[in-house]
Amino acid sequence: MTKEEALFNYCLRLGDSSLILGQRMSEWCSNGPIIEEDIALTNIALDLIGQARTMLTYAGQLEGKGRTEDDFAYKRNEREFYNTLLSERPNGHFGDTTIRNFLHSAYYYHLFKVLSNSKDEMIAAHSVKSLKEVTYHLRHSAEWVVRLGDGTEESHQKVQKSFNDLWEYTGDLFEMNKVDELLIKEGIAVDLNDVKKEWLKTINEVLDRATLSKPEDAYMHSGRLNAIHSEYLGHLLAEMQFLPRAYPDAKW
Amino acid sequence: MVTPIEYSKEQIWEFLSEIPDPEIPVITIEELGVLRNVDIIDNRVIVTITPTYTGCPAMKMFEDDIIKTLHQKGIKNIEINMVFSPAWTTDWMSEEAREKLRKFGISPPIKGTADKGVLFANGPKNVPCPNCGSTNTNLKSQFGSTACKALYTCNDCLEPFDYFKCI
Ligand SMILES: [Zn+2]
């Protein structure tokens, strides 16, 4: 594997996770529990899709085969996506979405913070920019975790269950392979074990405030690195890709 | 046959600096800090811009407006160069632009509040109401009518208003 091949894959990981989580968030459009949250969730979707566009466009440049951001988004199959398993989890109820976003935003926050110093200029610039947006996403979701966790008995129970259900997808966020190894040596990527330490601090801080308890580490799913997914990604792609696949000549 | 560009970089900057923001027409893309540079290389106009937010839907309109403005001046050979670094910040906004925002009914970003505390920071306090000037206001939502704005309400005149948040 060359450095360029590794970097290409790395950009797909970042771009795909933003794209899939962004698509999930956009499913909230007109379904939010209150108008302010409808707007907030779709604003976050917009940021994420913007982040995906930057990374997928860059991936296309690195690959040098003329593929565009749209080609990557609309013309790949499930087994060619490198998004985190967490990003594809279904929205569930508002509490499920809140916990998923919180776990993922905290991951992105700490990841982009260190990637801001990446030796790859584009990754560094993307991280500096995205970090500003993700900071708002993290703040927004963390406030809701506290409000729901430290809310009524019912809301507490519901989000504790969301936490317990989603926890087994968090191991996947921090797995690494040869791509990481090569890019860490080049000063481009970062050691996800370090990111995990910071991520855990944030998770614990918010859980404490929210009077929620951290689930026990038990079985953890993995898949992201090998483009292996849960049954949910295919359904998500079917909806996202329908129009450009059914009408390949459509312009908008 | 290539027509040589009859304007200087400075003149082209002047033309472009008048393009209004499509959503907040009282301020221009220059005042907003989106327009970064104009260059002429080999009879080609290269306009460098930077996005406010990565997903800002206005960016496509900025590009279209730039091309349209240059076409009207007879300039056809145009390249739009999108840069991400240095990352756009509301700190680039001039006092003049902030005043225009306020008059338009949007409370301008409060300088230097961008990177304070991540968790439970709850947005800046004392954001002045653009309607009555009161600072007795409170944050309703971090996310307003567009990605760049937060929603506040005024406790004195009871009006809701947008706050152009700091990033
Ligand atoms: Zn007021």
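**Entry 1: H2 and H5 of chain A**

I began with the residues that join two helices of chain A: Glu37(A), Ala40(A), Leu41(A), Ile44(A), Asp47(A), Leu48(A), Gln51(A), Thr54(A), Met55(A) and Tyr58(A) on the H2(A) side touch Met122(A), Ile123(A), His126(A), Ser130(A), Glu133(A), Val134(A), His137(A), His140(A) and Trp144(A) on the H5(A) side. Sorted by class, the contact of H2(A) with H5(A) comprises 10 nonpolar, 6 polar and 3 charged residues. A reminder to myself: this is a predicted model.

Next I looked up the geometry. The axes of H2(A) and H5(A), the latter covering residues 121-149, come within 11 Å and cross at roughly 160 degrees. Angles over 145 degrees count as roughly antiparallel, so I noted H2(A) as roughly antiparallel to H5(A). I also wrote down that the crossing of H2(A) and H5(A) is left-handed.

**Entry 2: H4 and H6 of chain A**

How do the axes of H4(A) and H6(A) cross? I found that helix H4 (residues 94-115) and helix H6 (residues 153-166) of chain A have axes that come within 9 Å and cross at roughly 50 degrees. That angle makes H4(A) oblique to H6(A). The crossing of this pair, H4(A) and H6(A), is right-handed.

For the contact itself, I listed Gly95(A), Asp96(A), Ile99(A), Arg100(A), Phe102(A) and Leu103(A) from H4(A), which meet Val159(A), Ser162(A), Phe163(A) and Leu166(A) from H6(A). The class count for H4(A) with H6(A) is 6 nonpolar, 2 polar and 2 charged residues.

**Entry 3: H1 and H9 of chain A**

One more helix pair for chain A. H1(A) and helix H9 (residues 231-246) have axes that come within 11 Å and cross at roughly 75 degrees. Angles of 65 to 115 degrees count as roughly perpendicular, so H1(A) goes down as roughly perpendicular to H9(A). Leu19(A), Ile20(A), Gln23(A) and Arg24(A) of H1(A) meet Tyr232(A), Leu233(A), Leu236(A), Leu237(A) and Met240(A) of H9(A). I sorted the residues of this contact between H1(A) and H9(A) into 7 nonpolar, 1 polar and 1 charged.

**Entry 4: a backbone check in chain A**

I stopped at Ser30(A), where phi is near 75 degrees, a positive value in a residue other than glycine. Where does Ser30(A) lie? I placed Ser30(A) in the loop between helix H1 (3-26) and helix H2 (35-63) of chain A.

**Entry 5: chain B and its zinc ion**

Over to chain B, which has 4 helices and 7 strands. Along the sequence I read the pattern α-α-β-β-α-β-α-β-β-β-β. The C-alpha trace of chain B spans about 65 × 30 × 25 Å along its principal axes.

Which residues coordinate the zinc ion? I found the SG atoms of Cys129(B), Cys132(B), Cys154(B) and Cys157(B), at 2.3 Å. The angles among the 4 donor atoms run from 104 to 117 degrees, and the site is tetrahedral. Ideal angles for four tetrahedral donors are 109.5 degrees. I read the donor spacing along the chain as C-x2-C-x21-C-x2-C. Cys132(B), in the loop between strand S4 (106-107) and strand S5 (137-141), and Cys157(B), in the loop between strand S6 (149-154) and strand S7 (160-164), are 25 residues apart, a pair that links distant parts of chain B.

**Entry 6: a cis peptide in chain B**

Last, I looked up the peptide bond from Ser85(B) to Pro86(B), which is cis, with omega near -5 degrees. I located Pro86(B) in the loop between strand S3 (78-82) and helix H4 (95-104) of chain B.

Technical notes
Residues are numbered from 1 along each chain as its sequence is written. Chains are lettered from A and ligands numbered from 1 in the order in which they are written. This is a predicted model: local features need pLDDT of at least 70, side-chain atom pairs count only at pLDDT 80 or more; totals for chains, interfaces and linings use all residues. Side-chain values use heavy atoms; hydrogens and water are left out. Axes are lines fitted to C-alpha atoms, for helices over the stretch in contact, and angles run from 0 to 180 degrees between N-to-C directions. Angles under 35 degrees count as roughly parallel, over 145 as roughly antiparallel, 65 to 115 as roughly perpendicular and the rest as oblique. A crossing is left-handed if the near helix is turned anticlockwise from the far one by less than a right angle, and right-handed if clockwise. Contact means heavy atoms within 4.5 Å. Ala, Val, Leu, Ile, Met, Phe, Trp, Tyr, Cys and Pro count as nonpolar, Asp, Glu, Lys and Arg as charged, and the others, Gly among them, as polar. Donors are N, O and S atoms within 2.8 Å of the metal (3.2 Å for Na, K and Ca); water is not among the atoms, so sites may look incomplete. Four donors count as tetrahedral if all angles lie between 85 and 135 degrees; four count as square planar and six as octahedral if opposite donors are over 155 degrees apart and all others between 65 and 115; anything else is irregular.
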